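Thanks for coming, everyone. Let me put one structure up and walk you through it.

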Amino acid sequence: MTDLDIFAAGAATIAGGCLALRGYMLKPSFSTWASAPNAVATGLLILGMALGCAVVSIAGGAHANAREAAVYGVLAVVSAIMAWNVHRQRQAAAETAADERD
């Protein structure tokens with residue numbers, strides 16, 4: 001594996017994990033504080049699985065090119081921000097609920 005392959009596989013792992021986590025956190029059955037239509041949650045989970053397949057492919061011997069690595073890198077940053085945003089919304093909802101009880 002080249003350095004580019006390692007970067008691409010690492011970035012795709014982070015992106016896939018964050019997107020799958022965000023998709024799970026947005027499931028209507030998971031919580032009432034943040035939800036999305038099932039199609040959105042399912043789409044994020046499928047994209048997370050597709051990125052997981054890319055990681056398996058790279059780890060299996062396929063080599064990533066520079067464009068692919070760049071896309072995975074950008075996806076990793078964006079998906080981490082999106083997952084952090086849902087976490088931030090959860091904290092804000094919890095604070096609002098605590099203020100309403102007081």
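The protein chain has three helices and zero strands. Helices here are DSSP runs of H or I, at least four residues, and strands are runs of E, at least two, numbered from the N terminus. From the N terminus on, the order is α-α-α.

Some ground rules. This is a predicted model, where local features need pLDDT of at least 70 and side-chain atom pairs count only at pLDDT 80 or more, while totals for chains, interfaces and linings use all residues. Residues are numbered from 1 along each chain as its sequence is written, and side-chain values use heavy atoms, with hydrogens and water left out.

Now the overall shape. Along the principal axes, the C-alpha atoms fill a box of roughly 55 × 20 × 15 Å. The radius of gyration of the protein chain is 16 Å, whereas a compact globule of 102 residues would have one near 13 Å. That radius is taken over C-alpha atoms, and the globule rule is 2.2 Å times the number of residues to the power 0.38.

What about contacts? Contact means heavy atoms within 4.5 Å. Take the contacts with a separation of 6 or more: 70% of them join residues 24 or more positions apart.

On to the inside. Buried residues make up 30% of the 102 residues. Buried means under 20% relative accessible area, exposed over 50%, and partly exposed in between, with a 1.4 Å probe and protein chains only.

Which residues touch the most other members of the largest nonpolar core? They are A8, A12, L26, L51, I58 and Y72, out of 19 residues in that core. Helices α1 (3-25), α2 (38-59) and α3 each supply at least two core residues. The largest share, seven residues, comes from α1. A nonpolar core, by the way, is a set of buried Ala, Val, Leu, Ile, Met, Phe, Trp, Tyr and Cys residues joined through side-chain atoms within 4.5 Å.

Look at A12. Leaving aside residues up to four places away in sequence, A12 touches L51, V55 and Y72.

Next, V74. It is found in helix α3, residues 66-101. Is V74 buried or exposed? V74 counts as exposed, because its relative accessibility is 53%. V74 and A11 are 63 residues apart along the chain, yet their C-alpha atoms are separated by 8.2 Å.

Last stop, T42, in helix α2. T42 is partly exposed, at 41% relative accessible area. T42 and A66 are 24 residues apart in sequence, and 29 Å apart in space, C-alpha to C-alpha.
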